[in-house]
Amino acid sequence: MLQRDQKGEDSMEEERRTQAKAEESGPAAAGELQRDRAGLLRELVNEMQRSTDVSTFFLQFVAARTGIHVTDIKVLSLLSRLGPLNASRIADLSGLTTGAITFVLDRLEKLGYARRVRSAKDRRVVLTEINPEALAGGFGNYFMRMAEITVEAATQLTDEQLVLIVNFTQKLNKRAEEVLQEMKNDSM
């Protein structure tokens with residue numbers, strides 16, 4: 001709670017600094033800057049929502065085309081991004097039970113998209129990793145196209161702009177993951 005209050009105070013302080021800067025330019029500029037910022041923030045939230053919508057519809061399309069579940073695709077995404085994971089870690093990250101994850105991993109293994117392997121550090125631990133060869137075909141092409149358009153959209157940006165966007169996205173995702181975890185904990 002204290003952390004949340006601090007973030008609120010930081011946000012208010014930033015808003016005060018923005019307002020003070022605008023007031024230095026005159027009262028008309030202060031009101032205009034405030035409206036522009038509020039409008040930009042609404043636009044940002046709108047575009048983030050649009051991105052989530054497109055992502056959801058894309059996943060549903062790929063799932064329908066490939067005949068696998070959207071949940072299976074998201075588990076493959078976790079494995080692709082984070083590397084080999086055990087079932088309890090996948091359950092923790094996805095919010096599903098370990099039993100549900102076992103069914104997902106069984107399906108992915110049967111389809112050849114993932115495989116279970118013993119940990120090199122502790123042979124008692126079973127990890128699941130993606131099978132890159134199986135994903136390289138038609139299934140992977142859907143995601144490669146999305147990666148390509150992301151790079152295309154970024155070609156006109158400077159390195160500084162890319163750093164800004166990456167940092168913003170990382171902060172947003174980290175905070176969103178924290179809020180999701182808080183929501184899960186509150187519902188218990």
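These questions and answers cover a predicted model of one chain.

Local features need pLDDT of at least 70 and side-chain atom pairs pLDDT 80 or more, while totals for chains, interfaces and linings use all residues. Residues are numbered from 1 along each chain as its sequence is written, and side-chain values use heavy atoms, without hydrogens and water.

Colleague: In what order do the elements of the chain run from the N terminus on?
Modeller: Helices (H or I, at least four residues) and strands (E, at least two) are DSSP runs, numbered from the N terminus. The chain has eight helices and two strands. Their order is α-α-α-α-α-β-β-α-α-α.

Colleague: Is Ser-119 buried or exposed?
Modeller: Ser-119 sits in the loop between β1 (114–118) and β2 (126–130). Buried means under 20% relative accessible area, exposed over 50%, partly exposed in between (1.4 Å probe, protein chains only). Ser-119 has 10% relative accessibility, so Ser-119 counts as buried.

Colleague: Which residue has its backbone nitrogen 3.2 Å from a polar atom of the side chain of Ser-119?
Modeller: Leaving out residues up to four places away in sequence, Ser-119 touches Val-125 and Leu-127 (heavy atoms within 4.5 Å). The backbone nitrogen at 3.2 Å from the Ser-119 side chain belongs to Lys-121.

Colleague: Is Leu-172 buried or partly exposed?
Modeller: Leu-172 is found in helix α8. Its relative accessible area is 34%, so Leu-172 is partly exposed.

Colleague: What percentage of the 188 residues in the chain is buried?
Modeller: The count takes in the 188 residues of the chain. The buried share is 17%.

Key
Polar contact = N/O pair within 3.5 Å; in protein donor to acceptor, adjacent residues only side chain to side chain.
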